[in-house]
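Please keep the model open beside them as you go.

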Amino acid sequence: MNGGTRGGVPILRLGDVLVTGLLNELDDKGALAFTEELTERIVADRARGVVIDISRLEIIDSFVARTLMELTTTSRLLGSRVIVAGMRPAVAITLVELGLRLSGVETTLNAEQGLRALGWEQTLVPPAERGAR
Amino acid sequence: MTVYGDIDEVPTRPAGDGTRLTHEIRAEEDLLSARHTVREATLRAGFGLVDQTRIVTAASELARNAYVHGGGGILVIEPVQRDGRHGLRLRVSDDGPGIADLDAAFTDGYTTGAGLGHGLGGARRLMDEFEVRSAPGQGTTVTAIRWNGPR
């Protein structure tokens, strides 16, 4: 959000999946910069899926909601599947009361489940290590 | 002057330490700092997490409306009490063109700007009391209260 980097959350590539997140300090410029950077990376990295962790977002207002919906649609047009992961319960309650259902936006409980939905289960959590987590 | 809603001003009085916070909304960065100020006020007023989120989100919608449609404005945050209940009052005033059709402005999906058209109606649903005063050429003032505790 300050200058070139938009808040310090990098976009990581894991195979053909991109993983990134949004910070609570997301302002309008940051939201638009995020959309541009992510869509460019989807094409450049030929990503078939994207997990966006939003567990740090303390509020989602109608502007951020619109950003997420447009980002999902844009990515789908490019051929990539966006998963929004880790929404806080208070944010979900508030969004519903606002009248925003984030139609068309795929969500998961957390980033790990988002990755699993994109086929990363075995790689991320080998069965032998499950008991230790 | 068109008025939507009705907040009974008389028995509402300052509460707590009476801290009245004023926040200017002149630039986009002010939307973010306004949210911080409102968050602090909700914490000081003792609101739970979900209510904090409701109030900060409503403030964000109202501040954005004032910035986008009103060319900027002022947000006043004030702890209030009435009949033994404590709450927080937000008042956002701008000197913009005013809202020509208040009923339409409350309709979900109605938008003249960059949002989803849920701003005003959505903010009303997140707060307990809501009032809009507007006149063509004389700006818009939105006042909203959220009460703490069971409703």
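1. A word on contacts first: two residues are in contact if their C-beta atoms, placed from the backbone, lie within 7 Å. On that basis, residues 24 or more positions apart account for 75% of the contacts in chain A with a separation of 6 or more. For chain B, the corresponding share is 68%.

2. Some housekeeping. This is a predicted model, in which local features need pLDDT of at least 70 and side-chain atom pairs count only at pLDDT 80 or more, while totals for chains, interfaces and linings use all residues. Residues are numbered from 1 along each chain as its sequence is written, and chains are lettered from A and ligands numbered from 1 in the order in which they are written.

3. Now the layout of each chain. Helices (H or I, at least four residues) and strands (E, at least two) are DSSP runs, numbered from the N terminus. Chain A has 5 helices and 5 strands, in the order β-β-α-β-α-β-α-β-α-α from the N terminus on. Chain B has 4 helices and 7 strands, and its elements run β-β-β-α-α-β-β-α-α-β-β from the N terminus on.

4. On burial, the cut-offs are these: a residue is buried if 20 or more other C-beta atoms lie within 10 Å of its own, exposed if 12 or fewer, and partly exposed in between, with C-beta atoms placed from the backbone. Buried residues make up 37% of the 133 residues in chain A and 43% of the 151 residues in chain B.

5. The UniProt record, an unreviewed entry, places the feature "domain: STAS" at residues 16-118 of chain A. UniProt positions are given in the numbering used here, feature names are shortened, and annotations may be inferred rather than shown by experiment. Over residues 16-118, chain A is 50% helix and 17% strand, and the end C-alpha atoms are 10 Å apart.

6. Of its 20 residues, 18 are buried, so helix 2 of chain B is largely enclosed by the rest of the structure.

7. How do the chains meet? In this model, 23 residues of chain B are in contact with 19 residues of chain A. On the chain B side, the elements giving two or more residues are helix 1 (28-44), helix 2 and helix 4 (119-126). Helix 2 of chain B gives the most, with 9 residues. The chain B side divides into 7 nonpolar, 8 polar and 8 charged residues (Ala, Val, Leu, Ile, Met, Phe, Trp, Tyr, Cys and Pro count as nonpolar, Asp, Glu, Lys and Arg as charged, and the others, Gly among them, as polar).

8. Leaving aside neighbours within four places in sequence, the contacts of Val51(A) include Val17(A), Ile83(A), Ala111(A) and Leu118(A).

9. Strand 3 (residues 21-25) and strand 4 (residues 73-82) of chain B pair in the antiparallel sense over 5 bridges, with Ile77(B) as the bridge partner of Leu21(B). Strand 4 also pairs with strand 5 (residues 85-94) of chain B, again antiparallel, over 10 bridges, and there Pro79(B) stands opposite Leu88(B).

10. Two residues to check for backbone angles. Asp83(B) has a positive phi near 50° in the hairpin of strands 4 and 5 of chain B, which has 2 residues between the strands. With 7 C-beta neighbours inside 10 Å, Asp83(B) counts as exposed. Leu102(A) also has a positive phi, near 50°, and is placed in the loop between helix 3 (89-98) and strand 5 (106-108) of chain A. Leu102(A) is partly exposed, with 18 other C-beta atoms within 10 Å.

11. Leaving aside neighbours within four places in sequence, its contacts include Asp51(B), Arg54(B), Leu88(B) and Asp128(B).

Methods: Pairing = 2+ DSSP bridges.
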